[in-house]
Amino acid sequence: MRLLLIAAMAAVPAPVWADSLIPPAEYAYRQLPDPKLEAKAAALMHTLRCLVCQGQSIADSDAEMAGDMRAMVRRRIEAGESPEQIRAWLIERYGNWVSYAPPVEPVTWPLWAAPILLIGAGLYLARGRFRRKPR
Amino acid sequence: MRRLVLWVPLVVFLIFVATVAIGLYKPSERTIRSQMIGKQIPAFALPEAVPGKPALGSDALTSGEPRLLNVFASWCVPCIAEAPQLMELARRGVPIDAIAIRDRPEDVAKFLGRWGDPYQRIGSDRDSSVQLAMGSSGVPETFVIDGKGVIRYQHIGDIRPEHLPAILRAFEAAQ
Amino acid sequence: MIAEAGLATLWIAGALSLLQLFLGASALRPGGEALMRTVRPVAAAQAALVAIAFLALIQLFLRTDLSVALVAANSHSAKPWLFKFAGTWGNHEGSMLLWVTILGLAGGAVALLERSINERTLIATLAAQAAIGLGFYAFLLFASNPFERLSPAPAQGQGLNPLLQDLGLAFHPPTLYIGYVGISVAFSFAVGALITRDVGPAFARAMRPWVLGAWIFLTLGITAGSYWAYYELGWGGWWFWDPVENASLMPWLAATALLHSVTVLATRDSLRAWTVMLAVVAFSMSMVGTFLVRSGILTSVHAFAVDPQRGAFILLLLALYIGGALALFGLRVGTVKEGATFEPVSREGALVANNLLLSVILGIVLVGTLYPLGAEAVTGEKLSVGPPYFNSAAGPVALLLIAIMAAGPLIRWRRDQGREVLQRIALPVLLAAIVLFLVILLVPGIRILPLLGLVLAAGTAAASVAPLWKRNLRRTPLFTWGMVIAHLGIAVSLAGMASEAAFTKETLIAARIGQTARVGPWEIRLDAVDPIAGPNWTANEATLTARRGTSEPFVMTPQARMFSSPPTETSEAAIATSADGQLYTVVGKPDAEGRWQLRLWWKPFVTLIWFGGGLIALGGLLSIIGRVRRERKPKWDEVYA
């Protein structure tokens, strides 16, 4: 098996002047010992939005606050809370904006109905294209 | 029927233009407001941030009198800019408490020594947990909390001189 | 001097664009036939002049002429020449000039090369192309002048941000732009054909190579962008449904649907209204994308320099062009006679389903991207729409589409029997079933979407090469090879995506020197972390030794870099590619006890995603060569008969 090494270049820059002097929280960069719990936590973290970033999940961000949020998520999952409970807790404090999974509420009914409506509209438009089978 | 259907794309497009034009002309605030405004402040008990200064717990904020809660950090640059305004508010008799985010005692002490200390109590929140519980999304932020511990007002960002009237009004309203 | 010459040339090109529109419109009126001969030369001249203007700007950047404001703001004399060159379009004004240049060059190419279409329709097409150009020339000349002087000239430029000196970042825009702007030709053809009421097979055959060409570049641009984000951002994600990413995907979806629709129109004279509509939609999506990323109304990690005022101008152009084209559509398409009909189970039927599903996915992506904006405008509430929505809404539709894509090439034109189709796809379905069985057995916890992806990828890969079965391969037309390879590319890409979603392993660890971590089948030992320095940065470089089983260990060196001006930190991932996946390693900060954060991923078969993208583009290339050759053949016969 041949191996190709590609050393890659820069990543998203983090402005340095806004960092505290305290190291990241314990679980900001450490996985939970139980892989199943860690998988649950990771799945949740990929769908929570970083509060101080330009459009990243807390799993993808190196910002300190994102690290603290990750630590909080992991601690709570370890303590037995469900991902949905944690998401609801955060939404209670920051609104739906903090969750990348839009809620299913009246304000988002058009969003969730869109795929079905679009397929329906397409089928309606396409119905005239076909030749009727000869009797 | 076919005739009408052919105009649907144009109508959809015009709705798109209208939506987007609204987005352009009324640009959305980039800040994330706390959803806890109008709700009870979450229970917490933070250790002291600076030796000699009392620590901060949520019971201190339900003392029967409205108070200001300033969320700051010694490493936060705009916090320096708002220090004079906070000193002014303290001078006018507004009780101010603080939560120091991710800060070491020596840094907080240096910050207060250099830029002034308008606070009655300072709690140390090393892992942002109280900040998250309050729906605060960064530093600096200032909350007006009424005597019963209900959050009444949130000011995001550093307090500039022109913001003082609004904050004082919110403080009066919380009496 | 060069700046003034460049500006003057740009003005003249703009004037020629106006002339092209005027002559074209006049030539189409009754009695204006004499003017028809003038339009092509004017288009060619416009192309030449706008190219010269762009070359002038390149010259200014290569020379670092600091008396030009744009150069002073975006370049620096110490930049390597390659990045000075790429810096020409690495800013708003330069990229708009690139836009207009490609627009002009595309129009000029049509003027010089297009001979197979009704002349009136061609004139109308060139007039439409000129009309599009006019708006952008006006934008450039009145609101974004790239040649503006700066007096007094500063001693040095400001554009030495090392983060922008990256090959991927430098060459990603032109590739995408050729695609974005190249599809304007399809738009112009559609508008032209609506004006002259000439929507038919000849029109479709003429438009096809232009659509293919633009589509190939869009495919390459998106594939390259995805890979670049993957290794740049340091977290191994290859697609995030970010608004800027969606802005590049939407034209591609429309162009793919257009590509297939144009073939139906060319060979079966069917789907006239759909084809015209898709051509309008494809370029509209290009313009919408340009608008979204420059206006600042959507937040994105890939955000460009944003300016709501410029956004408003582009919105105005958008409203004019797309609104105009859609109004023309409403007015004229009713009078376009419908072509031949066909039965539901037929190649045409499959292509209609293909168009439909691609349009549905396009609609989902558009709605999802704009929904936060719309919801906030109506209710004032902020919400976020991200991967959970897009994956669950568009994912199943995409899988259905790929299933139809697998069966489509095996269905006959006009009319076919369901039973016979099932016979022809029996082998691919069998293969898919075997893969389903195996995966469920070997990977018990796999989620449904990645499972379906793997199964479908296997079946589709088999089905895509099926058209070659029992054919004389040397006599198979090149464009059939193109279709086979492009569809195979989709299957390969899907396999990569499903594999990455299902099998990626991640390990985060705070490691001491000498400690070993495991990720997937790999053992990674942290040997050392040393401070090193580069030309304008310092870094902590970790030396990792990676080994799998009993194979030869090898060394990887991820870095955590610090730049001083401006002060920023970046992370250089070290990636090792092997036949069955990529090992992706990142070193972070030390913690309080002197342990180093390591982030390690093992991503099986992830490279298939971009390899598949390359195959898709290759398929397009073979198709375009095959079609152009086929079109030319009768001419050769005429000449040499």
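This is a predicted model: local features need pLDDT of at least 70, side-chain atom pairs count only at pLDDT 80 or more; totals for chains, interfaces and linings use all residues.
In helix H8 of chain C, the buried residues are C:Ser184, C:Val185, C:Ala186, C:Phe187, C:Ser188, C:Phe189, C:Ala190, C:Val191, C:Gly192, C:Ala193, C:Leu194 and C:Ile195.

**Helix H8 of chain C**

- Helix H8 of chain C covers residues 184-195, and 12 of its 12 residues are buried, which leaves H8(C) mostly covered.
- From its first C-alpha to its last, this helix of 12 residues reaches 16 Å, close to the 16 Å expected at 1.5 Å a residue.

**Chain A and its helix H2**

- Chain A contains 4 helices and 2 strands, and their order from the N terminus is β-β-α-α-α-α.
- Of the 135 residues in chain A, 40% are buried.
- When contacts in chain A between residues at least 6 apart in sequence are considered, 55% of them join residues at least 24 apart.
- Helix H2 of chain A, residues 64-78, has 15 residues and should span 21 Å at 1.5 Å a residue; its end C-alpha atoms are 21 Å apart, so the two values agree.
- H2(A) is mostly covered, with 12 of its 15 residues buried; among them are A:Met65, A:Met69, A:Met72, A:Val73 and A:Ile77.
- Charged side chains need not lie outside this group: A:Glu64, A:Asp68, A:Arg70 and A:Arg74 are also buried in H2(A).
- The buried residues of H2(A) pack against helix H1 (35-45) and helix H3 (83-94) of chain A, and also against helix H4 (129-134) of chain B.
- After H2(A) comes A:Gly80, which has a positive phi near 110°.

**Nonpolar cores**

- The largest nonpolar core has 257 residues, and those with the most contacts inside it are C:Ala186, C:Val211, C:Ala254, C:Ala255, C:Leu258, C:Val280 and C:Ala282.
- Helix H9 of chain C, residues 201-232, gives the most to this core, with 18 residues.
- A second, separate core has 36 residues, including B:Leu68, B:Ala83, B:Ile99 and B:Val139.
- C:Ala186, named for its contacts in the largest core, is also one of the buried residues of H8(C).
- Apart from its neighbours within four places in sequence, C:Ala254 is in contact with C:Leu278, C:Val281, C:Ala282, C:Met285 and C:Leu362.

**Contact between chains B and C**

- The contact takes 16 residues from chain B and 21 residues from chain C.
- On the side of chain C that touches chain B, helix H11 (272-295), helix H12 (308-332) and helix H13 (347-379) each supply at least two residues.
- H12(C) gives the most to that side, with 11 residues.
- The residues on this side of chain C comprise 14 nonpolar, 6 polar and 1 charged.

**Domains and strands of chain C**

- The domain assignment of chain C gives domain 1 (1-165), domain 2 (425-503 + 608-640) and domain 3 (505-604).
- The C-alpha centres of domain 1 and domain 3 of chain C lie 45 Å apart.
- Strand S6 (residues 559-563) of chain C pairs with S7(C) in the antiparallel sense over 5 bridges, and C:Met562 stands opposite C:Glu569 in S7(C).
- Strand S7 of chain C, residues 568-572, is largely enclosed by the rest of the structure, because 4 of its 5 residues are buried.

- B:Val139 and B:Pro140 are joined by a cis peptide bond with an omega of about -5°, and B:Pro140 is placed in the loop between H4 and strand S6 (141-145) of chain B.
- Another cis peptide bond joins C:Ser151 and C:Pro152, with an omega of about 0°; C:Pro152 is in the loop between helix H6 (119-143) and helix H7 (167-182) of chain C.
- C:Thr64 is not a glycine, yet its phi is positive, about 50°. Its place is in the loop between helix H2 (36-62) and helix H3 (69-74) of chain C.
- C:Thr64 counts as buried because 20 other C-beta atoms lie within 10 Å.
- C:Phe605 also has a positive phi, about 60°, although it is not a glycine. This residue lies in the loop between strand S10 (596-604) and helix H19 (608-640) of chain C.
- C:Phe605 has 22 C-beta neighbours inside 10 Å and therefore counts as buried.

Methods
Residues are numbered from 1 along each chain as its sequence is written. Chains are lettered from A and ligands numbered from 1 in the order in which they are written. Two residues are in contact if their C-beta atoms, placed from the backbone, lie within 7 Å. The expected span of a helix is 1.5 Å times one less than its number of residues. A nonpolar core is a set of buried Ala, Val, Leu, Ile, Met, Phe, Trp, Tyr and Cys residues joined through C-beta atoms within 7 Å. Two strands pair if DSSP finds at least two bridges between them. Domain bounds come from an automatic or database domain assignment.
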